[in-house]
Structure formats: C-alpha cells, structure tokens
Amino acid sequence: MKFVETRGNDGVRPPSVTFSEAILSPMSSFGGIYVPERLPELGERFLHDHRHSDYKSLARAVLSAFELDIDQFVVDRALELYDGFDDPAHPVPVVRVRDDLFVSELYHGPTRAFKDMALQPFGVVLSSLAESRGEQYLILAATSGDTGPATLETFKNRANVKVACLYPDGGTSDVQRLQMVTEDAANLKVIGIRGSFDDAQTALKTLLSSDAFRATLRDRHIHLSAANSVNFGRIIFQQIYHIHSYLELVRQGAIVIGDRVYLNVPSGNFGNALGGYYAMQMGLPVEKILISSNSNNVLTEFIRTGSYDLRDRNVIPTSSPAMDILKSSNVERVLYSLFGARRTRALMDELDRKRVYRLTDDELDLLQAVFAADYADDNEVDTYIRETFIGNGYLMDPHTATCLKAHASCRDKPLPAIVYSTAEWTKFSPTIAHALTGENDSHDIDALKSISATANTPIPPMIQALFDRPVVQAAVIDKQDIEREVLAFI
Ligand SMILES: *Cc1c(COP(=O)(O)O)cnc(C)c1O
C-alpha cells in the first residue's frame, strides 16, 4: 500500500511513498501529511471471520489488509506490547455502564491513557526501522501530559532513537509529571518549560523549522521525526480498537453483526475519531461518529455549521486538558477523504491565512452524514462524573465524561453507543475527587487516596510506585534555552 499527500504534490517530493517512508518523515508537500492511497475493504465477512479473535489476532488481520512494508516479525513484536497491559488476554475491556451505553477502556497500558494504544507498538516499529537502516533519530515531543509519558515509555532504551520531551512546568498533574521526571534511561531527556503548553509547543515548532538546528543535526548524522498523531504510524493502530469494540458488543449479545452503533469519541487532535472514521469506511457498521469536546468547542461548531473558525478563540484551560486544542491536526485527513487533495489544500491555506474556512452546503451534508458533535463544559463534566458514579457505580475520567453530553443530545436513533474512555481516573484525580466529594485537593496523592476510599478501588501499583521513585530529570528552563539543552543532550 502506498501513501499519498493530503495537499497534493509539489513536483519535488515523490508523489507517493511507502508506509516506512511516511512514518520516518511524516510531513508532505505544501505542509500536508500522509494518508493511505485507498482503504482496504473489510466488510461483514471480515467481522464474521473475526467474531472470536483475540485483540492481537484481529490487529494482525487489520494490519495485513493494509499491506505495509514492515516485516511480519516486527509487527508481531510490536503487537506483543499489548501483553504488558493489565490483562494480556483482554487489553481493551468493553464495559456495559447502562442499557445503551458501553465504555471501551483504552487506558489499560503502562501510562494509563489511551496514547499507549498506538505509541506502544509504534515505538517498536520506528526503532526497528531506524535500526535496519542504520540511522539515528531524534524525536521531539511537546506534551500537555499524556503523550509525553507514553512516548518516553515506548522509546525507553530502544536502539537508534533518542527522545527529548518538553512539558509545561506546573501545567500537568502530579502523576503526569512524575511519569516523566522519574523516567531513567540514557536515550531520554525530559525538559520542563517555564510557561504554558502552548509555549512548549511553539518552542518545539520553532526548533523543528530552524535551519541552524537541522544543520547541526545533519552534521551529527541525526534525523528528526515526530511522534504526534500527524504520524500515520500512530493512526494505523487506531482503527483496530474500534473494530474490536464493535465485536465485543456482538460477543456480549448487545448487537448482531450488521447492526449499527454510534461511536462516541472525546476529541482533541482527532486521531481517535479518525481511526473510527477509517474503520467505518472499511465497512464497520457505524450509524454516526459523535465528536465530543470541552469548552474549546471549535470541532462542535465545525460539524454543526461547516465553519472552522479560529478567529476570536484562545485556548481555554479545562479539566480535560488533553482536549484543550483548537487546531485539530487530523481533521485534514477527513477533508482529504471527503473532498480530495485540491480542496483540502485550499481549505488549509485559508485557515493559515485567515484563521477560518467554510465548507459549502453540499460539503457540510457529506460531513454530517458521518459526524455529529456536542461539547460539555467543566461543570457538566463534574456532574457527569458524579452521576455516573452514583447511578451506575462507574468511575470516569473528565475526558471520557465529555461524551455523555453528545450521548444525550446527538443520537436520533435508539442504537447502542460505544464511548471511548481515554484515561484512567488516576491521571486526573483532583478533578474526580472534587466531583465525587466536593473536596479540593492540591496534590494528586491526597485525591488518589480519597477516590480509592470512596470508590473502594485500589490505586494501581504503577501509579502508587511513582511517588517513591527518585526524580532523575530535574531540568526546568526558560524557552530560549531549549535548543542549547537539546543539543547538549544529543
Ligand atoms: C490525547 C487524548 C485525547 C484526544 O485524543 P485525539 O486522538 O487527539 O483526539 C483525549 N483524552 C485523553 C485522555 C488523551 O490523552
């Protein structure tokens, strides 16, 4: 399978590349990104064949339909990482919370957020490629709290890859910070920035586009890559769990193969939602994909009105920080799929120039045939967490809780919905403790103990252990010193 460019070809780059090439250098012509040339057609036959497949067998079958240029033993080694999840036989449990509301738990990996679903196997694939080509890679990551720990965890002690990870000092939860600063390996560097996540992200983009920085890397024979979800190496692993979750509903007797369901996705950069969209294009019977946001509701507005409008918007800090995003990078892949490369380039250019683009009425109809959207503010999230715990005995993180708004408002048919749970309660414990008891904890450890007692559920060992591990990554610096710090590391 070849990969093509969302904004068309500039006549300089190759018009199509292999999967390996797309993941080693993820940016394409005119600032676009890579997408598969076509999607495999799986259809109902595939669902019947895999009715009883375990997660890894299903994953192997979905990946092989993409005909990737990756050796099977590398794919197998990558998928073995799911054996490190809580229950190797069931890395993604799907829980019926009430009648038509199922929660697909994507957070049972080592860092307790759904980033592990893709980054765990991605780490194996990328470092195997680098090793087989005899090349050294530097991965730069800026994180608001979940991507950082998952990226460090997956590349820890892997050959031919170094990771430098920037986070806003004071801008993450204690658990998220400890997951990074206690990570001890010679190929990892964690750098706290005095500033916000936006500052960290802007500093990273400046570095990525600095000619001097690239020249220095070239002199040292180091290539630069990215581990965010513009990299298709992550998206490829994000279709599997949508198909798996559907089959879980079949196995639980809630539906039969062919019945339609809603997929309800808490969205930031739209990687998770895109995986659902691709699964639907490949033949998964999906009625609609419900896109859930917090008060940074640019996606809600886009899907309802066709206008993607960043004018007069600033990021609002919320209790679901992984979704505090305005420029949602994977929407571009949906535009490409629905409207083609020429139109995608025009729309993305407009967004860069005018900070707004508008779909035509016909285009909006196509978008709304697939997606519906709603958002929940922090007060609603707080209420949803409390009500779901009291009414259903189910503990939900704030990102997952945003979905309950769309679940109530966006379904026009009485079909079951799969809500994707993207983080364990342990990662955002002060928000959850407040929702359950009204208390205001300034330290995660107090909130964790309180929730553990209230919900009668243990603090998982890898979270508990964080508080006893030594801090080995103490660097906290000003923005202008990042380049020097990164160069000193490599
Ligand atoms: C990354 C993340 C999201 C957003 O996922 P996208 O694929 O970027 O839309 C939602 N919730 C949590 C907890 C996350 O870490």
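This is a predicted model: local features need pLDDT of at least 70, side-chain atom pairs count only at pLDDT 80 or more; totals for chains, interfaces and linings use all residues.
In α19, Ser429, Pro430, Ile432, Ala433, Leu436 and Thr437 meet Asp444, Ala447, Leu448, Ser450, Ile451 and Thr454 of α20. Contact here means heavy atoms within 4.5 Å. By class, the contact residues are seven nonpolar, four polar and one charged. Nonpolar covers Ala, Val, Leu, Ile, Met, Phe, Trp, Tyr, Cys and Pro; charged covers Asp, Glu, Lys and Arg; the others, Gly among them, are polar.

Now the geometry. Helix α19 spans residues 429-437 and helix α20 residues 444-455; they pack at about 45°, axes 8 Å apart. That makes α19 oblique to α20. Oblique is what remains after under 35 degrees (roughly parallel), over 145 (roughly antiparallel) and 65 to 115 (roughly perpendicular). Axes are fitted to C-alpha atoms over the stretch in contact, and angles run from 0 to 180 degrees between N-to-C directions. Helices are DSSP runs of H or I, at least four residues, numbered from the N terminus.

Next pair. Helix α3 (residues 55-65) and helix α4 (residues 72-79) pack at about 140°, with axes 10 Å apart. Lys56, Ala59, Arg60 and Leu63 of α3 meet Gln72, Val75, Asp76 and Leu79 of α4. That contact divides into four nonpolar, one polar and three charged residues.

Ground rules, quickly. Numbering runs from 1 along each chain as its sequence is written, and side-chain values use heavy atoms, with hydrogens and water left out. Local features need pLDDT of at least 70, side-chain atom pairs count only at pLDDT 80 or more, and totals for chains, interfaces and linings use all residues.

Technical notes
Helices (H or I, at least four residues) and strands (E, at least two) are DSSP runs, numbered from the N terminus.
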